[in-house]
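Below are some notes for a colleague who is about to look through this model. They go point by point and can be read beside the structure.

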Amino acid sequence: MPAAPSFAVLGFRPHTYWTAVVALAGRPRSARVLERRCIVFADGDERFVFHQAAETDPDRRKALIEAVRTATVANAAREIATLIADLQRDGLHVRLAATAAATAKRPETLEDILRAHSRIHAAEGNFYRDVVASACEVTGLEVRRVIERDLPAHVAALLGVAAPALDARLKSMGAALGPPWSEDYKLATQAAWTCLPEADPAHAI
């Protein structure tokens, strides 16, 4: 019987006020999800901050955004720290996290962002992805930023399998866990998967 894993990687799939997170453990080819959670890190005025900024006095916009950044990072860090503590009680070492990179190109000034609704949405996506990454760093985790559209190809190559085999593996993971097993959890799992070799450099795949 294989030894129980001694380490786990956290994988995240952020949204504008919450994130899916999984704890993935084991070697890449025998990896399994030990925990999955939904972390809500923004509520009320902490949500959709660039939409709020567009309706705020121009002199207060930057202060509003920074206040929301501080609050949401603290909220997310608190929940992530709880998850890490729960895993540590089970004998798992956690030092790495993988989360989505901020891929949308951001205009140079806040005023330029707020001139177009599409830019506001893109800025918020980047903002809350950065919140999750910053919260992981606050808890002491090393953070890897991943491009979500590249994840299936990256993980399939890591495992040496074709895309259908990876899809089947993800489906099997979900069946073992039971619902919910949404696309968010699948992407969070794939993000974590890319870090497993780095998390346990003493072992081969």
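1. In which strand is the place of Leu34? Leu34 sits in strand S3. The model is a predicted one, and the points that follow should be read with that in mind. With a relative accessibility of 33%, Leu34 counts as partly exposed, because that class lies between the 20% and 50% limits. Leaving aside residues up to four places away in sequence, Leu34 touches Ala23, Ala25 and Leu92. Arg89 is 55 residues from Leu34 in sequence, and the C-alpha atoms of Leu34 and Arg89 are 13 Å apart in space.

2. The loop between S3 and H1 contains Phe48. Phe48 is not a glycine, yet has a positive phi of about 50 degrees. Most residues other than glycine have a negative phi. Phe48 is partly exposed, at 35% relative accessibility. A colleague checking backbone geometry may want to look at this residue.

3. The aromatic pairs come next. The count comes to four aromatic pairs. In one of them, the ring centres of Phe41 and Tyr128 are 6.0 Å apart and the planes are at 35 degrees, so the pair is tilted. Phe41 is buried, with a relative accessible area of 1%. Tyr128 is also buried, with a relative accessible area of 1%. Phe41 and Tyr128 belong to one aromatic cluster that includes Phe50 and Phe127.

4. How are the rings of Trp181 and Tyr185 arranged as a pair? Trp181 and Tyr185 are stacked, with 6.4 Å from centre to centre and 5 degrees between the planes. Both residues of this pair, Trp181 and Tyr185, are buried.

5. The loop between H6 and H7 holds Pro180. The peptide bond that joins Pro179 and Pro180 is cis, with omega about 0 degrees. Most peptide bonds are trans.

6. Two helix contacts involve H7. Helix H6 (residues 163-177) packs on helix H7 (residues 183-193) at an angle of about 115 degrees, and their axes are 11 Å apart. H6 and H7 are therefore roughly perpendicular to each other. Their crossing is right-handed. From H6, Leu166, Arg169, Leu170 and Met173 meet Lys186, Thr189, Gln190 and Trp193 of H7. The residues of this contact divide into four nonpolar, two polar and two charged.

7. What is the handedness of the crossing of H5 and H7? The crossing of H5 and H7 is left-handed. The axes of helix H5 (residues 151-159) and H7 come within 9 Å and cross at roughly 50 degrees. That angle makes H5 oblique to H7. On the H5 side, the residues are Leu151, Pro152, Val155, Leu158 and Leu159, and they meet Leu187, Gln190, Ala191 and Trp193 in H7. The contact of H5 with H7 has eight nonpolar residues, one polar and no charged.

8. Reading the two contacts side by side, Gln190 and Trp193 of H7 are listed among the residues that meet H6, and Gln190 and Trp193 are also listed among those that meet H5. The contact with H6 includes two charged residues, whereas the contact with H5 has no charged residues.

Technical notes. Residues numbered from 1 in each chain as written. Predicted model: local features only at pLDDT ≥ 70, side-chain atom pairs only at ≥ 80, totals over all residues. Heavy atoms only, no water. Axes fitted to C-alpha atoms, helices over the stretch in contact; angles between N-to-C directions. Helix = DSSP H or I, 4+ residues; strand = E, 2+ residues; numbered from the N terminus. Parallel < 35°, antiparallel > 145°, perpendicular 65-115°, else oblique. Left-handed = near helix turned anticlockwise from the far one by under 90°. Contact = heavy atoms within 4.5 Å. Nonpolar A, V, L, I, M, F, W, Y, C, P; charged D, E, K, R; others polar. Phe/Tyr/Trp six-rings, centres within 6.5 Å; stacked < 30°, edge-to-face > 60°. Buried < 20%, exposed > 50% of the residue type's maximum accessible area, 1.4 Å probe, protein only.
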